[in-house]
Amino acid sequence: MQTRRDFIKTAAMALPAMSFASILLSSCSKSEIIAPRKKLRVGIIGAGISGLETAKILFDQKQFEIEILEASDRIGGRISLSESVLGSNNIEMGANAAYGDQNKWYNMLRTAQTFETNSKTPSSFYLSGSALTLNELNKDSDYLKLVNSTQDIGAYSGSTDVSVAQYIESKNIPERVKFIFENRTEEKIGTSIERASIALNSSESLSKIDANMYHIAGTNSQDILYKEYGKVLPFVLNNTAISSVDYTGNKVKVRDQNQVLREYDFVVLTVPVSILKLQPSEVNSIQFSPALPESKIAAMNKIGMDGAIKIAIKTNRKFWHEDSKSIYTKGKIGKYEVVSEDPANSEYILTATVMGAFAENELNSMRESEILNLIQNEWAMYIGTSASDSLVSCHVKNWSKDPFIRGAFSYHKVGGEAETRKELAKSISSKIFFAGEACNTNKNSGTVQGAIETASAVCKEIIAVAV
Ligand SMILES: Cc1cc2nc3c(=O)[nH]c(=O)nc-3n(C[C@H](O)[C@H](O)[C@H](O)COP(=O)(O)OP(=O)(O)OC[C@H]3O[C@@H](n4cnc5c(N)ncnc54)[C@H](O)[C@@H]3O)c2cc1C
């Protein structure tokens with residue numbers, strides 16, 4: 001008969017050094033004979049990167065039986081590839097880059113290939129009728145004022161909380177260069193500068209404005225995810241939207257949209273905060289029994305997650321400067337990334353991501369052809385006809401309309417509290433656990449790496465409880 005010690009020892013051999021199993025080994029007395037324990041069942045709700053990472057860590061521990069319940073028909077959540085649009089290109093319509101090179105997401109991308117950008121990467125800036133390179137812009141006195149006035153934005157120490165827009169207003173940045181700040185900032189906070197708190201987003205998203213970003217190149221996100229998480233993919237149940245979680249008894253009862261009931265020892269919720277915030281009467285909401293604690297609901301309400309639209313654009317000509325990786329204009333869609341260049345076939349792909357008020361109030365109701373027209377008009381106005389005439393087509397991914405995502409990523413609203421994310425991440429009754437980018441308490445919310453970190457945190461908790 002296998003003793004518990006043997007059982008743990010076998011499991012431990014398959015585990016990395018310093019795992020919890022080695023701690024367990026030392027806690028067993030030599031004479032103790034215990035039958036191997038039944039595996040503990042863990043239901044992971046959501047197959048975005050935090051759900052997949054949670055599954056992988058727990059699977060490697062061997063003592064858990066995992067199931068990943070995913071509402072949509074694919075994996076990856078906000079990491080999403082559009083295949084065969086705008087010709088034969090594979091275009092990333094969600095996350096496609098890592099912030100910095102000291103994290104797991106970067107390591108996953110690096111095994112593929114990456115290209116690097118940051119706020120000092122060559123770009124084309126179209127302002128007041130002229131097309132400037134970054135070197136030229138760096139000699140512009142208005143731009144220098146912008147750089148000098150905002151360089152401490154990642155370490156804001158003001159005593160009162162205001163919006164990022166109010167903060168920038170107080171800096172008296174010249175109007176003609178303000179849009180550069182707005183575009184760089186909004187893609188980091190995930191919303192309009194009028195909506196986000198300067199105090200609380202400062203050390204999180206805003207500190208990343210100058211970070212090096214490593215973009216996926218030479219492969220695509222789905223291949224990267226399949227390679228990293230291949231062994232847990234057999235445990236993903238797609239098209240399984242969870243509608244209720246009942247944790248009144250010993251086991252957690254989870255029901256899906258087809259009324260199929262599953263029971264688990266532990267449940268990990270990795271759904272976006274926008275889904276957790278849905279009212280019971282709203283489509284795709286999750287009903288909790290008992291209801292989530294008031295403190296958690298209050299924390300969720302201090303966190304925003306606003307509209308996001310990513311647009312891929314094909315042009316037949318290169319109108320930007322030779323090495324430019326980004327294009328900035330004063331248009332409502334103000335920043336474009338150069339994704340690929342194929343001069344032999346006169347095919348160039350750019351992407352633009354719009355988040356916050358403009359995405360929600362205007363782009364949200366526009367058809368693809370109307371968005372193409374808007375870009376054409378803006379390019380004609382701010383860049384010139386060489387640009388507007390080069391437009392061929394566009395492809396739009398509206399994240400606000402994705403029924404199980406409903407937006408961009410989380411940010412602190414003005415008037416929030418520093419402890420908010422801790423409260424969001426708090427487990428309930430040692431049975432219900434929370435992961436996903438919004439639960440990141442390590443200043444990496446709103447990122448892929450941040451989502452991965454929450455998976456490690458939640459697994460540590462589960463393993464500690466399981467012992
Ligand atoms: C356009 C865009 C660009 C971005 N670019 C970057 C970038 O370059 N770099 C970066 O680091 N970050 C980027 N981000 C942010 C990054 O994508 C996210 O922080 C990260 O992917 C979130 O992972 P997650 O696991 O927390 O959540 P998600 O990826 O949202 O996964 C949650 C999963 O839960 C599922 N789900 C929802 N409801 C239910 C239900 N009821 N039942 C079952 N399943 C459910 C969803 O379908 C989804 O698959 C970007 C985000 C967007 C929108």
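**Entry 1: N172.** I began at N172, which is exposed, with 9 other C-beta atoms within 10 Å, and I keep in mind throughout that this is a predicted model. I placed N172 in the loop between α7 (164–169) and α8, and I read its phi as near 50°, a positive value in a residue other than glycine. I noted for context that most residues other than glycine have a negative phi, and that most peptide bonds are trans.

**Entry 2: helix α8.** I then asked how many residues of α8 are buried. I found 12 of the 15 to be buried, so the helix is largely enclosed by the rest of the structure. The buried residues of α8 include V177, F179, I180 and F181, and also E182, R184, E186, E187 and K188. Just after α8, I recorded a positive phi of about 85° at G190.

Entry 3: I looked up R406, which has a positive phi of about 60° although it is not a glycine, and which lies in the loop between β21 (391–398) and β22 (410–412). Is R406 buried or exposed? I have R406 down as buried, because 22 other C-beta atoms lie within 10 Å and the cut-off for a buried residue is 20 or more. I also checked the peptide bond that joins S289 and P290, which is cis, with omega at about -5°; P290 lies in the loop between β15 (287–289) and α12 (294–301).

**Entry 4: W105.** I located W105 in helix α4 (residues 104–110), where W105 is buried, with 26 other C-beta atoms within 10 Å. Leaving out residues up to four places away in sequence, I listed A98, V448, Q449 and I452 as the residues that W105 touches. I noted too that W105 and G450 are 345 residues apart in sequence, yet 9.3 Å apart in space, C-alpha to C-alpha.

**Entry 5: the ligand.** Around the ligand I counted 42 residues, of which G46, G48, G77, A95 and G436 come nearest. By class, the shell divides into 23 nonpolar, 15 polar and four charged residues. I found that α3 (49–61), β5 (97–99), β17 (308–315) and α17 (448–466) each supply at least two residues of this shell. Why do I place the ligand between domain 2 and domain 3? Both domains give residues to the shell around the ligand, so the ligand lies between them.

**Entry 6: domains.** I took the bounds from the domain assignment, which gives domain 1 as 1–36, domain 2 as 38–76 + 222–302 + 419–466, and domain 3 as 119–210 + 307–407. The C-alpha centres of domain 2 and domain 3 lie 33 Å apart, and their contact takes 10 residues from domain 2 and nine residues from domain 3. On the side of domain 2 that touches domain 3, I noted four nonpolar, five polar and one charged residues.

**Entry 7: the whole chain.** Along its principal axes the C-alpha trace spans about 80 × 55 × 45 Å, and buried residues make up 45% of the 467 residues. Of the contacts with a separation of 6 or more, I recorded that 74% are accounted for by residues 24 or more positions apart.

Notes
Residues are numbered from 1 along each chain as its sequence is written. This is a predicted model: local features need pLDDT of at least 70, side-chain atom pairs count only at pLDDT 80 or more; totals for chains, interfaces and linings use all residues. Domain bounds come from an automatic or database domain assignment. Two residues are in contact if their C-beta atoms, placed from the backbone, lie within 7 Å. Ala, Val, Leu, Ile, Met, Phe, Trp, Tyr, Cys and Pro count as nonpolar, Asp, Glu, Lys and Arg as charged, and the others, Gly among them, as polar. A residue is near a molecule or strand if its C-beta atom, placed from the backbone, lies within 6 Å of it. Helices (H or I, at least four residues) and strands (E, at least two) are DSSP runs, numbered from the N terminus.
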